[in-house]
Amino acid sequence: MTTSAAPQAPILTVDGVPLKTQLHRAERMNRIKSLALIAPLAIFLILVFIVPLVAMLKKSVDNPEVHDTLPKTSAAISHWDGKGLPAEDVYQSLIADLQVAYDNQTMGDLGKRLNTELPGYRSLINKTARALPFDPKPASVKAAMTELDERWGDPTYWQVIRRNASAYTPYYLLASLDHRIDEQGQIVAAEPEQAIYLDVFARTLWMSFVVTILCLVFSYPVAYLLATLPTRKSNLLMICVLLPFWTSVLVRVAAWIVLLQSGGIINSTLIHLGIIDQPLQLVFNRTGVYISMVHILMPFMILPIYSVMKGISPSYLRAAISLGSHPFAAFWQVYFPQTVAGVAAGGLLVFIMSIGYYITPALLGSPNDQMVSYFVAFYTNTTINWGMATALGGLLFGATLILYIVYSWLVGANRLRLG
Amino acid sequence: MSDTSKDILVSFRNVQKSYDGESLIVKNLNLDIQRGEFLTLLGPSGSGKTTSLMMLAGFETPTAGEIRLGERTLNNVPPHKRNIGMVFQNYALFPHLTVAENLAFPLKVRKLSASVVDEKVKKVLGMVQLDKFAHRYPGQMSGGQQQRVALARALVFEPQLVLMDEPLGALDKQLREHMQMEIKHIHERLGVTVVYVTHDQSEALTMSDRVAVFNNGDIQQIDAPRALYEEPTSSFVANFIGENNRMNGVLQSANGNSCQVRLQHGEVIEAKQVNVGEIGQPVSISIRPERILLNNDSESCTNRFSGRVCEFVYLGDHVRIRMEVCGETDFVVKMPIARLDDKLKVGDVVPIGWAMDHARALDPL
């Protein structure tokens, strides 16, 4: 009592060392030990997770082709205001750069990059590079190039270079959001026939939402059974829940195709029982994707809810009933609110996992059921367009982070319990 | 308390309960609970006392027999319509509701108006002296405070019957003793009927008007605390409640109130005949340690022997003296500190005796 009121004189140990210093010294060894214990994990995570993640995200704004292959042109064109045609020195820089690029055989990437902006650009620079060097040296390179191909007299082609002269570009991120930078440097909406990604993002979020809700509806009773059945029965049920968990996702998806197809067990049983005349279209559409995703993701919903329910004593329900509450009302007013932490955690887990789902929609869905991951895979594997792949991935990552923040604000992050 | 059956609030009639169809948890329960009384069901775990309480609350159904509350039979009344308050062992306060919301729960279920709810909650909070805690959550309170809230919640809707299932089991000794008195006083003030389950005999003796001792699904004895302690009718009750010196022998002769029991080594004890069989059959004699007199005090006793002091255990207010008497080495004498002879030491052989009334001849164990 008196020490807190008195002016703060440092408390000394018996040896006369201030207590705080001594405590710090005594704890230091423990701290070093614990740091050493987690160091391997931290290094592993940094090397295989954080560094690649940052590098990949950087690729979504990376724009090395023009900047690296045409360094002189990039420097010269920055003085041009974008109106009319650039000055003579820009033309001179370009032929110098193109000659170097032709000799170094780096024309390929440049042509591909420029062609994505303006079709026909690849053939233009290839044709130009082949014609170099001009012999004899012309008085005006500008005139010579325009004579070689009249497109060099069109400002549009120069604006493409100017736009991409920087090492970084918002091009891929904007394209992933169905926007582009037009010739005047303004951000505008993409052509309607090219605008697909916003729909894909909306579809991804909607499908994930539906899957999460379905998972919750089916998992809650299962978790309740698991938590309330006698140990022996609940262990058996737990094995049933976990069994599919130990099987490869690919195998399970293939099994669903077999079960759900028009000649599959489900359809033939329903027809045999006379419930339907025509086979139901259960697979290669949204239904198939939902069935399979819910099946695959249910354990991730069941387990957090179960672990929370396991800690709720059955006497709460009994108490509510003894106080006069109808059993259903008691369940809703007393039991359910106590499981919210588990429901929230399970919901978040399932939602985030389904946002990134790839194999199941790819194998069980129609083209209209593909989610963002499908396009990431498409750009990574088929067209090798790392810019688009990482931009889509990065935006998905950002959307997930925002959702998590909103969600934890709504539910309260400290109330999430995974076990 | 005894005159008319009108005062009977709850009655169990030939109630049986089995979980597996092979053994009976409650064998054949016949029990009348008077209006306004504090009845304790006391017994070791597995004796059927909690099962009986749960059948009364409605969380277990009787396999056979009938339970009546007042005029109506309860067998087909679901638990939420029985209007019986209940206090659980782990309090079962709803953790997501504040104390006031917990207390308002049974009132809101009964669709009382907000002002009535507020008033009743305030009143009951005052009764358990927790006025300042209305807006705390149960998790922010100590065990004793939570216990009081649980008690208040079981009383706030003014049920005619309150059941308590070992409500003080989780509290430490001092708080438990304090709460025992508090519950007893609330019971006296409100006049509500309480059925209380415990395995702690001192708790049962402290609080109850009557105690029903359960063993193996049967009531062994049902009596007021004093009668239960002083006049047990079976060896089980004598052993379960309080300390007890037991001596096994054979019934030699019986005449009226008293009987003679011959011990293993030939000593004969004059005992009160309570629960014995035929002559020649085994008998168990029960003597309370505080009824045994030493040295000259024992001169007037009907039963006089000599005992050798084996051990002293000092317990502050009294001393327990372990002695060897009639071949029994575990014979315990309880001696108030004020009456202890200071010269007594281990190894001494002293006269020892007890009155015939305090040696009760009971069924053999």
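**Entry 1: conventions**

I noted that residues are numbered from 1 along each chain as its sequence is written, and that chains are lettered from A and ligands numbered from 1 in the order in which they are written. Because the model is predicted, I kept in mind that local features need pLDDT of at least 70 and that side-chain atom pairs count only at pLDDT 80 or more, whereas totals for chains, interfaces and linings use all residues.

**Entry 2: chain A as a whole**

I looked up the secondary structure of chain A and found 20 helices and 2 strands. Helices (H or I, at least four residues) and strands (E, at least two) are DSSP runs, numbered from the N terminus. The radius of gyration of chain A is 32 Å, well over the 22 Å that the globule rule gives for 419 residues, so chain A is more spread out than a compact globule. This radius is taken over C-alpha atoms, and the globule rule is 2.2 Å times the number of residues to the power 0.38. Along the principal axes, the C-alpha atoms of chain A fill a box of roughly 100 × 95 × 35 Å.

I then checked burial. A residue is buried if 20 or more other C-beta atoms lie within 10 Å of its own, exposed if 12 or fewer, and partly exposed in between, with C-beta atoms placed from the backbone. By this count, 29% of the 419 residues of chain A are buried.

Which residues of helix H6 (residues 107-117) of chain A are buried? I found Leu110(A), Arg113(A) and Leu114(A). They cover an arc of only 95 degrees around the axis, which puts them on the same side of H6(A). The arc is that of the directions from the helix axis to the C-beta atoms. The buried residues of H6(A) pack against helices H3 (64-69), H5 (88-104), H7 (121-131) and H9 (155-163) of chain A.

I next located Asp68(A), which lies in helix H3 of chain A. Asp68(A) is partly exposed, with 14 other C-beta atoms within 10 Å. The C-alpha atoms of Asp68(A) and Ala165(A) are separated by 8.9 Å, although these residues are 97 apart along the chain.

**Entry 3: chain B as a whole**

The C-alpha atoms of chain B fill a box of roughly 75 × 45 × 40 Å along the principal axes. Of the 365 residues in chain B, 39% are buried. I also looked up contacts, in which the C-beta atoms of two residues, placed from the backbone, lie within 7 Å. Among contacts in chain B between residues at least 6 apart in sequence, 65% join residues at least 24 apart.

**Entry 4: nonpolar cores**

A nonpolar core is a set of buried Ala, Val, Leu, Ile, Met, Phe, Trp, Tyr and Cys residues joined through C-beta atoms within 7 Å. The largest one has 101 residues, and those with the most contacts inside it include Ala150(B), Leu163(B) and Ile285(B). Helix H4 (residues 143-155) of chain B gives the most to this core, with 6 residues. A second, separate core of 51 residues includes Tyr197(A), Met207(A), Trp256(A) and Tyr374(A). In soluble globular proteins, nonpolar side chains tend to be buried together.

Leaving aside neighbours within four places in sequence, I found Ala150(B) in contact with residues including Val87(B), Phe88(B) and Pro167(B).

**Entry 5: strands of chain B**

Two strands pair if DSSP finds at least two bridges between them. Strands E12 (residues 258-263) and E13 (residues 268-273) of chain B run antiparallel and are joined by 5 bridges. E12(B) and E13(B) form a hairpin with 4 residues between them, and Gly266(B) in the turn has a positive phi of about 100 degrees. Arg262(B) has Val268(B) in E13(B) as its bridge partner. E13(B) is also joined by 2 bridges to strand E20 (residues 359-362) of chain B, and these two run parallel.

**Entry 6: where the chains touch**

How many residues of chain B are in contact with chain A? I found 19, in contact with 15 residues of chain A. The largest share of this side of chain B, 3 residues, comes from H2(B).
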